[in-house]
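Please keep the sequence and the structure in view while reading.

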Amino acid sequence: QPRAQAAWQRGPAGRRTSRSAIRHWEQAMRAIPARRFPEPADRDAPRFRYVFFTSPATHLASQVIAARTGTNTSPVLLTSFAVALARITGGNPVATQLIAGNRFRPGMLDYVGTISQNGLCVIDLADVTFDEAVDRARRASMSAYRTAYFDPLDFDELAARIREERGEDVDVDLAFNDRRPESQREVAGPPPAPERIRAALPLTTRSPIRSND
């Protein structure tokens, strides 16, 4: 329960867990570019924009790749996101935060209250095929989830130290969140045939971009 959790966090085991996670964040934040996106061309433009993209073909294609690479569709979609981001920004490695529930940790299954933090996932896409990138994304995501349990004050100290060393903030405010239940990430039965994927391409839709500042 919350009081017991707080006591554990302040104890030796909790402090070791936090320090281990912070070491992961430190290594990652030193490896990625400080800035991944250019300054906005129009500073009067709305700060936040929303668009909803629906692609049944992507859903089907992710099952084919998952079956081929021996994983589920979540690493496949994470890889697709990372590859698209790398192409748009021209940066590598790609870094994104992943939301970890942390209830997989011992003693947390019956915890009452909110218990989620973000892990930092860094994927190196240099000189690999897409299938190889899926394997890298899978391993990087597992590392991110394992190190998504830390004292926020420890992270604040780390961010301040790296900011002073690099002369600017390191941008890690980007997140990929696969909110589907685990059962929906698995490939059930034979993967879809290519003609089924091609037939689904015209069903792709994108909502109009709207702003909320």
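Is Asp154 buried or exposed? Asp154 is buried, because its relative accessible area is 13%, and the cut-off for a buried residue is under 20%. The model is a predicted one.

**Salt bridges between separate helices**

- Across the whole structure, a search finds 13 salt bridges.
- Asp154 takes part in one of them, meeting the side chain of Arg15 with an N to O distance of 3.0 Å.
- This pair links distant parts of the chain, since Asp154 belongs to helix H6 (residues 152-166) and Arg15 to helix H2, 139 residues apart.
- Arg15 has a relative accessibility of 24% and therefore counts as partly exposed, whereas Asp154 is buried.
- A salt bridge also joins the side chains of Arg68 and Asp131, at 2.7 Å from N to O.
- Asp131 counts as partly exposed because its relative accessibility is 27%.

- Arg30 and Glu26 form a salt bridge in which the closest N and O atoms are 2.8 Å apart.
- Both residues lie in helix H2; because they are four residues apart, about one helical turn separates them.
- Arg30 counts as partly exposed, with 39% relative accessibility.
- Arg30 and Glu26 also belong to a network of salt bridges that links them with Arg161 and Glu165.

- Phe48, Tyr50 and Phe52 make a nonpolar surface patch of about 300 Å².
- Phe48 is found in the loop between helix H2 (12-31) and strand S1 (49-50).
- The relative accessible area of Phe48 is 39%, so Phe48 is partly exposed.

**The largest pocket**

- The largest pocket holds about 1,300 Å³ of space.
- Two or more lining residues come from each of strand S2 (53-54), helix H3 (56-69), helix H4 (73-89) and strand S5 (175-176).
- Helix H4 gives the most to this lining, with six residues.
- In total, 32 residues line the largest pocket, and Phe81, Leu85, Leu174, Ala175 and Phe176 are those that lie nearest its centre.
- By residue type, the lining of the largest pocket comprises 15 nonpolar, seven polar and ten charged residues.

**The largest cavity**

- Rolling a probe the size of a water molecule over the atoms shows where empty space is left.
- The count of cavities of 30 Å³ or more comes to one.
- The largest cavity contains about 40 Å³ of space.
- Its lining is formed by Pro33, Arg36, Leu85, Thr89, Gly91, Asn92, Pro93 and Val94.
- Four of these lining residues are nonpolar, three are polar and one is charged.

Key: Residues are numbered from 1 along each chain as its sequence is written. This is a predicted model: local features need pLDDT of at least 70, side-chain atom pairs count only at pLDDT 80 or more; totals for chains, interfaces and linings use all residues. Side-chain values use heavy atoms; hydrogens and water are left out. On a 1 Å grid over the protein atoms alone, a cavity is a set of points where a 1.4 Å probe fits but cannot get out, and a pocket is an open set with protein on both sides within 12 Å along at least five of seven lines; lining residues have an atom within 4 Å of a point. Grid points are joined across faces, edges and corners, and a volume is the space filled by probe spheres set on the points. Ala, Val, Leu, Ile, Met, Phe, Trp, Tyr, Cys and Pro count as nonpolar, Asp, Glu, Lys and Arg as charged, and the others, Gly among them, as polar. Patches are made of residues with over 30% relative accessible area and no salt bridge: like charges are joined within 9 Å, nonpolar side chains (Val, Leu, Ile, Met, Phe, Trp, Tyr) within 5 Å. Accessible areas come from the Shrake-Rupley method with a 1.4 Å probe; for residues, only the protein chains shown count as cover. A salt bridge is a side-chain nitrogen of Lys or Arg within 4 Å of a carboxyl oxygen of Asp or Glu. Buried means under 20% relative accessible area, exposed over 50%, partly exposed in between (1.4 Å probe, protein chains only).
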